[in-house]
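Hi,

Here is the structure I promised to pass on. Have a look at it first, and then read my notes below.

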Amino acid sequence: MPKRVDHAERRTEIAEALVRVAGRRGLHAVGMRDVAAEAGVSLRLVQYYFETKEKLLLFGLEHLTGKFGERLAARIRAAGDRPGPRAMVEALLMTALPTDEESRVFHHLYTSYAVLAVTDPTLAAQPFIRDPDAAEGALTDILRQAQAADLLRPGVDAQLTAAGLLAMSAGLGTGILVGQRSPESAVAVLDDHLDRIFRSVDTAG
């Protein structure tokens, strides 16, 4: 009896092959043939699951986003049973920093997708372009909860601060990738900025 093919698993394996190749060579230089060779399958099979390179790239991005969500959830769990607003903000920002190989690849490829979307209408029209808006909304909600609990310093605008933190995290991440600063330096910058937003434990309440 022939082995039953798990199509979802096969698509995931191909997406992981895309991530590996793109992490080494850059997203712009990756073709479907390259991905097939990395996955150890035929080009025809890759084309069966993903008719075009754009569809393969979009599924790869969804795969990356899912992996990011898993990393974020693990960091939040590590913060304890009931992490406070600052711990939640730190988890979101620190997870996005390229501090190890997996997060480095994520930051590299996610940035590459955004750059390609500037000149590719198909990519530009996809929902992933709105992901930063969703992150900003989530971060804004956390900061507003902290504000309601009197955990923020006076005069903090939750929405503007959320946008600024995400922009800072993205810029620091790129700085790490190009060797302009170390991961430890980037974490110190974020910690310093969060100290300017959140009240200290001694003064809160």
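**A loop residue to start with**

D150 is partly exposed, with a relative accessible area of 35% (partly exposed lies between buried, under 20%, and exposed, over 50%, using a 1.4 Å probe and protein chains only). D150 is not a glycine, yet its phi is positive, about 60°. You will find D150 in the loop between helix 8 (131–148) and helix 9 (158–177); helices are DSSP runs of H or I with at least four residues, strands are E runs of at least two, and both are numbered from the N terminus.

Please keep in mind that this is a predicted model, where local features need pLDDT of at least 70 and side-chain atom pairs count only at 80 or more, while totals for chains, interfaces and linings use all residues. Numbering starts from 1 along each chain as its sequence is written, and side-chain values use heavy atoms, without hydrogens and water.

After helix 4 comes G80, with a positive phi near 120°.

Among the buried residues of helix 4 are L56, L57, G60 and F68.

Enjoy exploring!
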